[in-house]
Each structure stands twice: as structure tokens, then as C-alpha cells.
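Colleague: I want to learn how to read helices and their packing. Can we work through a case together?

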Amino acid sequence: MKFITEEESAALVTQEMAYAAAREALCAVVEDAVLFPAVLAHGTAPTNRFSIKSASTGSFAGLKVGSFWPGNPEIGLPRHNSVILLFDQRIGRVEWVIEAGKVNAYRTAAADAVAADVLARPDASVLAVFGAGNQALFECLAISRIRPITQVLVVARDEAKGREFVAALEAEGLKATLADAQGACERADIIVTATPARAPLFEAEWVRLGTHVASMGSDAAGKQELPPALFERAALFCDYPAQAVVMGDLQHFTGDRSRITALGDVLLGRAEGRTSPDQITVFDSSGIALQDLTIARSLITAWERENA
């Protein structure tokens, strides 16, 4: 068994690697991949949660264990952690173990960027982000690579954290300011939610025509970031429909589920993406293990190159 530490994987991962891996995984979902039902569980304290997501393709198989310990910042540790396991397909033993906390942030944001690249208007320049945590920063950086973002509107429950987040964005070269939820939605070309919310963060009528909306935080039953009324006004896309309607934001969609399109079908030219400048598009990311396994292979290649 081979092991890549958190420090090593964090040093190897790049925005370009994450984007390529996310795109490959989103396409594989609608081709030869098999995704298995996620296991959702908690630690001895019910607020400490973890999930096990697994997948296989014709060439690799494995799983990702992701954890969310909300009290960790009090002791100087991140809330989220992630470990990826890849199996030796010949004998069924675990061949690779990869600590991937920072990698997980990159790959989550990369899925958002791939979706925005095919669904957001080419001239989209104002980004509204709900959330001021670690993941929200990666979302903004990933989106700014594929669209000409000139303004980031930050919606945060905690004003002090929001101001710190604005400063972090500006340190990365992005112009940012705090905004209220309604004002941010009414001005945004792209709206990204990156929170652990369990109720809608804004009203559907605040979203203007032509906006692209991405729900990145709803990855478990009961979570919710988007107002269900928005689904009736929008074209609906997700990473994996069978999972999104169980643990993504689309679990709250009660309409015709044949309207939900896997993003991989759009990437492969099998389905339409945005059909007009005035169309509202929604991308729901429920977090598929295939993205983790695909980026793990890229990390292994980079690690072996450095350790040859």
C-alpha cells in the first residue's frame, strides 16, 4: 500500500489538474462509470458527520471518506477532511491511500467551474457567493479562471467573517464587497452557494433572467440552499441525477425529474446546455466520488514523477 500525505497532495494539486479531472469524471458518469449509494453517518456526537462515496469504471475503483467536524476551528483545524482509497484491481487490496483535504476543496470548486464554463453566459462578470468559509474562496478562484469576473458580492451571516473573506478575495486580486442576499442576487450574473444551510438562502424572484446558479453545499439529505420555486423558472443540471435527487438540492424539486440533465451529457454534446441569454440555469453538485477518484489518479502520476 502506498500513501500520499495531506501535505504532499496539497503541494501537488493545481487548478488545472482539478478542472481536467472534474470534467473527465462528469463525462464518465454518463458513460462507463458505476456510482454506488452513499453512506451517511455521524460520530459519537451527532453533529460530527461523515460520508462514504464509492464508484468504479472499467479501469479503476475506490472510495472517498469525507468528514465534517464543525467544532474543529476552535482547535485550529479545518471543519472538512477527506481521504481517498484506490483498489488494486487484480487482488482487491487497497493500493493507494491519499489524504485529500485541500484537494477536496479544489475538486469541488472545479466541478462548479466546469458547469459554469458551459452554462454561464460568456460575458458573466458579477459573481455572488453565499458563504464565507474555506470552500467559498476556492469557488470564487475557480470561477474567476473561466469567466471575466470583475466583482464578487459576498453574502455572509457573520459580518466579521464576511469582511475577512472580502480581504482574502482582494488578496487574490478579486474586487469584492459585502452585500445583502437580495441585492447580491439582483446584480449577479453567477450565484454560487457554498454553505451547510438547511433552508433556502434567497427568494426565487430575486434571481434575474440570464443568471447561472450553482448549489455546491447541499450534499446530504435535509440540506437545502436554493428556493424550490427557482427550479420552475430554470433549466436544471447536476453531476449525477440519481444522487442529486436524494442528497443534492434537487431533493426538494417536486416537478418532472426528466427535466434534470446530467452535465456530462452536455459536455459530450448529447444534450443542450444554455439555450438563450435570458435563460436561468441551475447546477446542483451533490459531490460524486468519481471526481475524487479521477483527481487521485492525477495526483498519483504527479507524485510518482516527483519520487522517481
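Modeller: Start with length, and note that this model is predicted. Helix α2 covers residues 15–28, which is 14 residues. From first C-alpha to last, α2 reaches 20 Å, close to the 20 Å expected at 1.5 Å a residue.

Colleague: How many of the 14 residues of α2 are buried?

Modeller: Apply the cut-off first: buried means under 20% relative accessible area. Ten of the 14 residues pass, so α2 is largely enclosed by the rest of the structure.

Colleague: Which residues of α2 are buried?

Modeller: Q15, M17, A18, Y19, A21, A22, A25, L26, C27 and A28. For reading such a list, recall that an α-helix has 3.6 residues a turn, so residues three or four places apart point the same way.

Colleague: What do the buried residues of α2 pack against?

Modeller: Their partners are α1 (6–12), α3, α4, α9 (263–267) and α10 (289–306).

Colleague: Take α2 and α4. At what angle do their axes cross?

Modeller: Roughly 80°, and the axes come within 11 Å. Angles of 65 to 115 degrees count as roughly perpendicular. The two helices, α2 and α4, are therefore roughly perpendicular to each other. On the α2 side, Q15, E16 and Y19 make the contact; on the α4 side, L141, A142, R145 and I146 do. By class, this contact has four nonpolar, one polar and two charged residues.

Colleague: Now α3 and α4. How do they pack?

Modeller: Helix α3 spans residues 101–119 and helix α4 spans residues 134–146. Their axes lie 8 Å apart, at an angle of about 40°. That angle makes α3 oblique to α4. The crossing of α3 and α4 is right-handed.

Colleague: Which residues make the contact of α3 with α4?

Modeller: From α3 come K102, N104, A105, Y106, T108, A109, D112, A113, A116 and D117. From α4 come N134, Q135, F138, E139, A142, I143 and I146. Sorted by class, the contact has nine nonpolar, four polar and four charged residues.

Colleague: What does L119 touch?

Modeller: Skip residues up to four places away in sequence, and the contacts are H212, F237, L263, G273, R274, T281 and F283.

Colleague: And how far is L119 from S286, by C-alpha atoms?

Modeller: The C-alpha atoms of L119 and S286 are separated by 17 Å, and the two residues are 167 residues apart along the chain.

Definitions and conventions
Residues numbered from 1 in each chain as written. Predicted model: local features only at pLDDT ≥ 70, side-chain atom pairs only at ≥ 80, totals over all residues. Heavy atoms only, no water. Axes fitted to C-alpha atoms, helices over the stretch in contact; angles between N-to-C directions. Helix = DSSP H or I, 4+ residues; strand = E, 2+ residues; numbered from the N terminus. Parallel < 35°, antiparallel > 145°, perpendicular 65-115°, else oblique. Left-handed = near helix turned anticlockwise from the far one by under 90°. Contact = heavy atoms within 4.5 Å. Nonpolar A, V, L, I, M, F, W, Y, C, P; charged D, E, K, R; others polar. Expected span 1.5 Å × (residues − 1). Buried < 20%, exposed > 50% of the residue type's maximum accessible area, 1.4 Å probe, protein only.
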